[in-house]
Amino acid sequence: MDWIDILLKVVFAFLMVMVVMTMAGYSVLAERKIASWIQGRVGPNRTALPGLSSIPVLGPMLVKMGIWQPLADGVKFLFKEDPIPGHVKKFYYVLAPMISLAPALITMVVLPFGVYYVDGQAMPLVLANVDIGILFILAVSSLGVYGIVIGGWAANSKYPFYGGIRSSAQMISYELAMGMSILPVLMWANGPAGGLGDLTLYNVVTSQQAVWLVFWMPVPAFVFLVSLFAETNRMPFDAPESETELVGGFHTEYGSFKFGLYFVAEYAHMIIGSAVFTLLFLGGWQLFPTFGILPDWVANPWAGWGWIGSVLSVLVFIGKLLFFIVFFIWVRWTLPRFRYDQIMNLGWKYLVPIALACIFIYALIIAGWDLMVAVENTPAEVVQPDGQVVTQQEDLITH
Amino acid sequence: MQDFFFYLFSALTVLSALLVVVNPNAVNGAMYMILSFIGMAVLFLLLDAFFLAVLQVLVYAGAVMVLFLFIIMLLDVERASKVRPKALSTAAALVGFGLLVVGLGYLFLGGGSVTPAELSAAPEIPMQDGGTNPMEFATASRSFGYGLFTKYMLPFQVTGFLLLIAMMGVIVLSKRLGPSGQEEPTTEAVK
């Protein structure tokens, strides 16, 4: 690999981190604004930048929208005194917020967020298009729980500890349902929808040209979404930090920038989770599903438009993403918090069996489909007698 | 570059594995174990076995160790770990360690060669023209699935059955029956 390639990768990674972190910062603002609209308040409307806010009409409008608020929040978190309480376990206390943010930033490596075309061939816009994409995301995001567990334990007092214990139990439980709800998607994407037999998210997205999976697999989509709320510790599932019982939950003993890291990590996880949901169930960057009736171009109308098409596909993707962030916030200010035993019941007694049933039902449907319709069209990897592996892609047709 | 990463991460794996054993603090031990698992996952990555690497992180670092940590924190093992081990267990550990060293030495310094029959049971790895990566067969997760559901179907099923037995064993062992034999035990009964 050339050094310029490495440099470009670093620059791209840096840009992506910047975009996601900015989005995380502004989702905090969105949270406060939407919360205040739901509760009939105005929300942040005072923070002003000296120069920019004195532009005639536009300046006051931006101030009223609270555009500069995340900046002020960030500066506050950065410059506040950062005390370490005397009774904590120092090393883990400092380490925990970092562990909680790092997985969110690592998982974005395999997230495709758009397409570009080389000689008419569609390629994903992604930092690393590895075969195991979705498994990588599950694996790395499962490490995020350590940030909360270690943080709760290191704080060395009882409320954070309860928060940490609750959170680890909750995350282990819902991880299972989440992983199983993805299985029908992968089976479908690599079976009847004509995928090439890998687990890249790009493959899943391209297989949804005919029908977005949220229409065809509403139940797995719902299970995935509920697990996503639990995994990100968002409102009906935020027992780990429920204020009424546990003061602040696992981050009770944290202040200033370390608390800020936890806070941003929650939103970063939310963004990554929404992105994964969009890719798995909402057709990624595709504009409309064709439903098998409409012409193919409605899915990717920008196929021949060069770089403008790429930008448009990214914008469509970000649009769907933003919808989900608003949805997360909307749910938070609508539903009350579940009791802890209710959370465990829901996870183990409802979501896991439902996800299992979905696997069986969709496996039967897909097997039936394969037998009836597409038996000689599926690409098969055949091991010949001499040990040579041949992938039969010639007779691959798109459904 | 590859060599550098190999030495770096094998050093990390071995060192943190050693620290798991040596460190008296249980939570520290668990954290070192996670580190060791991640180091091993990177070694898998360097071998282009992406699927194995991810499973290593997903299953061991992401799920098993969370449970370990959970138990350690819940049971306050830290206090228990301050107790010095008995002389007998120390001796047993030393004997076990010695046997392990001898066994490994036997394996690596000649002796334990593989018979042709055993070799033919291993999955085929087709060599490619021009000396390019011969492990490419194993990089796609699809090839794992293909192997598991064709050539290794029986071992796969047996392993699954083994796990089922283990799970049932755990249920039997952990479900303490109350005096009547059917009801949930009261707190006093468990104490």
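Q: Why is A:Asn233 called buried?
A: Buried means under 20% relative accessible area, exposed means over 50%, and partly exposed is in between (1.4 Å probe, protein chains only). A:Asn233 has 5%, so the residue is buried.

Q: What kind of model is this, and how are residues and chains labelled?
A: It is a predicted model, where local features need pLDDT of at least 70, side-chain atom pairs count only at pLDDT 80 or more, and totals for chains, interfaces and linings use all residues. Residues are numbered from 1 along each chain as its sequence is written, chains are lettered from A and ligands numbered from 1 in the order in which they are written, and side-chain values use heavy atoms, without hydrogens and water.

Q: What makes the backbone of A:Asn233 stand out, and where is the residue?
A: Its phi is positive, about 55 degrees, although A:Asn233 is not a glycine. The residue sits in the loop between H10 and H11 of chain A. Helices are DSSP runs (H or I, at least four residues), numbered from the N terminus.

Q: Why is A:Asn156 called partly exposed?
A: A:Asn156 has a relative accessible area of 39%, so it is partly exposed. It lies in the loop between helix H6 (144-154) and helix H7 (158-190) of chain A.

Q: What makes A:Ser100 buried, and which residues does it touch?
A: Its relative accessible area is 4%, so A:Ser100 is buried. The residue is in helix H4 of chain A. Leaving aside neighbours within four places in sequence, A:Ser100 is in contact (heavy atoms within 4.5 Å) with A:Gly144, A:Gly147, A:Tyr262, A:Ala265 and A:His269.

Q: Why is the pair of A:Phe237 and A:Phe338 called edge-to-face?
A: Rings of Phe, Tyr and Trp (its six-membered ring) pair if their centres lie within 6.5 Å; planes under 30 degrees apart are stacked, over 60 edge-to-face, the rest tilted. Here the centres are 5.4 Å apart and the planes stand at 90 degrees, so the pair is edge-to-face. The two residues are 101 residues apart, and the pair links distant parts of the chain. A:Phe237 is buried at 3%, whereas A:Phe338 is partly exposed at 29%.

Q: How many aromatic pairs are there over all chains?
A: The whole structure holds 28. One aromatic cluster includes A:Phe224, A:Phe277, A:Phe324 and A:Trp330.

Q: How do you know that A:Lys89 sits over the ring of A:Trp153?
A: The test asks for NZ of Lys or CZ of Arg within 6 Å of the ring centre and within 35 degrees of the ring normal. The charged end of A:Lys89 is 4.3 Å from the centre of the A:Trp153 ring. A:Lys76 lies over the face of A:Phe77, at 5.3 Å from the ring centre.

Q: Which residues and helices line the second largest pocket?
A: The pocket has about 1800 Å³ of space. Of its 46 lining residues, the closest to the centre are A:Ile106, A:Phe136, B:Phe9, B:Val42 and B:Leu45. Helices of chain A and chain B each supply at least two lining residues, including helix H4 (90-107) of chain A and helix H1 (2-22) of chain B. H2(B) gives the most, with 10 residues.

Technical notes: 1 Å grid on protein atoms, 1.4 Å probe; cavity = no way out; pocket = protein on both sides within 12 Å on 5 of 7 lines; lining within 4 Å. Points joined across faces, edges and corners; volume = space filled by probe spheres on them.
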